[in-house]
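This report covers a single protein chain, shown below with its sequence.

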Amino acid sequence: MRRLLIWAPLALFIAFFVVFASGLISPESKTIRSQLIGKPMPTFALAPGVPGKPGLSSAELANGKPHLVNVFASWCIPCIAEAPQLEQLAQAGVPIYGVAIRDRPEDLARFLARNGDPYRAIGGDPNSSVQIALGSSGVPETFIVDGKGIIRHQHIGDIQPQDVPGIMSALGAAK
């Protein structure tokens, strides 16, 4: 009996380690949702991210109409993949505003020239302060904002062709 008691702390440590490691290896969810869904956009004013386009401020996003706010970067490979879907949404009349994180104007200009420019305005977010304030965990991420400036929906990752109908539906519900 005494021998078993000597090994008990080691057995407890191993059991704790297995439980802890399994949570790290396969967590319940890998998606980190913004805590701002249903709340106003954080207050910000960003300088233009690229020459020839206006910058972006939170005040502009409470303009009476629902729209998309797309957090992206020129160095982001999934951002290239979603470019055709953003173009499709813009051609359908969806207002799209961009927040370009940790980027340089010349790199953004090349990205837009290669992949299309669906944005009405692009704010440069060199320190990711707006991205962090939005609760965005990466790029690309797209937020549906209603006409009062309230965040109604968050799409994490690149917008795929099969996502477009759902985004259109969420936009219609965001009025």
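## Helix α2

Helix α2 covers residues 77–91, and its 15 residues should span 21 Å at 1.5 Å a residue, which agrees with the 23 Å between its end C-alpha atoms. The expected span is taken as 1.5 Å times one less than the number of residues in the helix. Helices (H or I, at least four residues) and strands (E, at least two) are DSSP runs, numbered from the N terminus. The model is predicted: local features need pLDDT of at least 70 and side-chain atom pairs count only at pLDDT 80 or more, whereas totals for chains, interfaces and linings use all residues. Residues are numbered from 1 along each chain as its sequence is written, and side-chain values use heavy atoms, with hydrogens and water left out.

Helix α2 bends by about 40° at A83, and the proline P84 follows within four residues. The bend at a residue is the angle between two fitted axes, one for the seven residues ending there and one for the seven starting there. After α2 comes G93, with a positive phi near 95°.

## Burial of α2

Which residues of α2 are buried? They are C79, E82, A83, Q85, L86 and L89. Here buried means under 20% relative accessible area, exposed means over 50%, and partly exposed lies in between (1.4 Å probe, protein chains only). The cover over these buried residues includes the strands β3 (67–72), β4 (96–101) and β6 (141–145), together with the helices α3 (105–115) and α5 (164–173).

Q85, a residue of α2, counts as buried because its relative accessibility is 7%. Leaving aside residues up to four places away in sequence, Q85 touches I159, Q160, P161 and V164. Contact means heavy atoms within 4.5 Å.

## The chain as a whole

The protein has five helices and seven strands. From the N terminus on, the order of elements is α-β-β-β-α-β-α-β-α-β-β-α.

Of its 175 residues, 45% count as buried. Among contacts in the protein with a separation of 6 or more, 75% come from residues 24 or more positions apart. The protein exposes about 9800 Å², and carbon and sulfur atoms supply 62% of that area. Accessible areas come from the Shrake-Rupley method with a 1.4 Å probe; for residues, only the protein chains shown count as cover.

## Salt bridges

Side chains of opposite charge can pair when their charged atoms come close. The criterion used here is a side-chain nitrogen of Lys or Arg within 4 Å of a carboxyl oxygen of Asp or Glu. How many salt bridges does a search of the whole structure find? The search finds five.

One of them joins the side chains of K53 and D117, at 3.1 Å from N to O. K53 lies in the loop between β1 (45–46) and β2 (56–57) and D117 in the loop between α3 and β5 (121–125), so the pair ties together parts that are 64 residues apart in sequence. K53 is buried, at 18% relative accessible area, while D117 is partly exposed, at 33%. The side chains of D146 and R152 also form a salt bridge, at 2.9 Å from N to O. D146 is buried, with a relative accessibility of 3%, and R152 is partly exposed, at 42%. Elsewhere, R104, E106, D107 and R110 are linked in a network of salt bridges. E106 is partly exposed, at 40% relative accessible area, and so is R104, at 47%.

## The loop at G149

G149 sits in the loop between β6 and β7 (151–156) and is buried, with 6% relative accessible area. G149 and A62 are 87 residues apart along the chain, yet their C-alpha atoms are separated by 4.1 Å. Besides A62, G149 touches K39, P40, M41 and L61, with residues up to four places away in sequence not counted.

## A nonpolar surface patch

I6, W7, L10, F13, I14, F17 and V18 make a nonpolar surface patch of about 770 Å². Patches are made of residues with over 30% relative accessible area and no salt bridge; like charges are joined within 9 Å, and nonpolar side chains (Val, Leu, Ile, Met, Phe, Trp, Tyr) within 5 Å. W7 belongs to helix α1 (residues 2–25) and counts as exposed, at 57% relative accessibility.
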